[in-house]
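Student: I have a structure to look at and would like to talk it through. Could you put it up for us?

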Amino acid sequence: MPTPASPDTARIGEPDAWLAQALVRESSEAIVVADPEGIIRVWNGGAERMFGHTAAEAVGHSLDLIIPEKLRERHGKGYRQTAATGRTRYGDTLLGVPATHRDGHRLSIEFTVALLRDDSGRLVGISAIMREVTERRNTEKALRMRLTELERRLPETSPA
């Protein structure tokens with residue numbers, strides 16, 4: 001087992017490098033890190049399972065790999081703004097968006113983002129921890145449609 005970092009190289013409460021790497025590698029959630037230009041630098045096993053691309057296929061490529069074509073322009077604009085300003089309004093928000101699997105089918109995902117900075121405070125990347133929620137979203141949509149139908153019928157069946 002690796003030795004703990006010395007107090008002068010690690011901040012209290014933060015994992016050593018080996019532990020951080022193990023957390024990313026072993027997480028069932030998809031963990032993706034992109035640089036300020038939107039180029040994928042980290043793609044864990046959870047991302048491989050969720051999106052169907054191996055790390056070798058994803059690392060070094062644009063995030064457009066998983067963003068539906070019709071949303072790429074909007075995503076790119078927001079991503080560039082975040083990279084330029086070093087600020088995001090989504091830092092503590094669970095986001096729900098569509099994504100694209102390698103085979104082209106649509107996924108519904110929820111994720112959080114974190115801005116990654118070097119020791120001088122310069123933005124060096126943006127991370128996302130993602131979970132696929134396609135089945136749940138489809139169930140919720142079906143329930144909403146059924147409720148709408150039942151509400152539409154309600155006046156027809158109510159006594160006068």
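Tutor: What follows is a short talk about the sheet and about aromatic rings.

Tutor: This is a predicted model, in which local features need pLDDT of at least 70 and side-chain atom pairs count only at pLDDT 80 or more, while totals for chains, interfaces and linings use all residues. Residues are numbered from 1 along each chain as its sequence is written, and side-chain values use heavy atoms, with hydrogens and water left out.

Student: Okay, what order do the strands of the open sheet have?

Tutor: The open sheet has 5 strands in the order β2-β1-β5-β4-β3, with antiparallel pairing. Strands (E, at least two residues) and helices (H or I, at least four) are DSSP runs numbered from the N terminus, and two strands pair if DSSP finds at least two bridges between them.

Student: And which strands stand at the edges?

Tutor: β2 (40–43) and β3 (95–100) do, and because each has a single partner strand, one side of each is left without a neighbour in the sheet. Neighbouring strands are turned by 35° against each other on average, direction ignored, where axes are lines fitted to C-alpha atoms, for helices over the stretch in contact, and angles run from 0 to 180 degrees between N-to-C directions.

Student: Which helix packs on the sheet?

Tutor: Helix α4 (residues 72–85) does, touching β1 (30–34), β4 and β5 (123–132), and its direction makes about 135° with that of β5. Contact here means heavy atoms within 4.5 Å.

Student: Back to the strands, how many bridges pair β3 with β4?

Tutor: β3 and β4 (residues 106–117) pair over 6 bridges in the antiparallel sense; Val97 has Ile109 as its bridge partner in β4, and Ala99 has Leu107. The two strands form a hairpin with 5 residues between them, and Gly104 in the turn has a positive phi of about 100°.

Student: What about β4 and β5, how many bridges there?

Tutor: β4 and β5 pair over 9 bridges, again antiparallel, and Glu110 has Arg131 as its bridge partner in β5.

Student: Changing topic, how many aromatic pairs are there?

Tutor: The structure holds 1 aromatic pair: Trp43 and Phe51 are tilted, at 5.6 Å centre to centre and 40° between the planes. Rings of Phe, Tyr and Trp (its six-membered ring) pair if their centres lie within 6.5 Å, and planes under 30 degrees apart count as stacked, over 60 as edge-to-face and the rest as tilted.

Student: Is Trp43 buried or exposed?

Tutor: Trp43 is buried, with a relative accessible area of 6%, and Phe51 is buried too, at 0%. Buried means under 20% relative accessible area, exposed over 50%, and partly exposed in between (1.4 Å probe, protein chains only).
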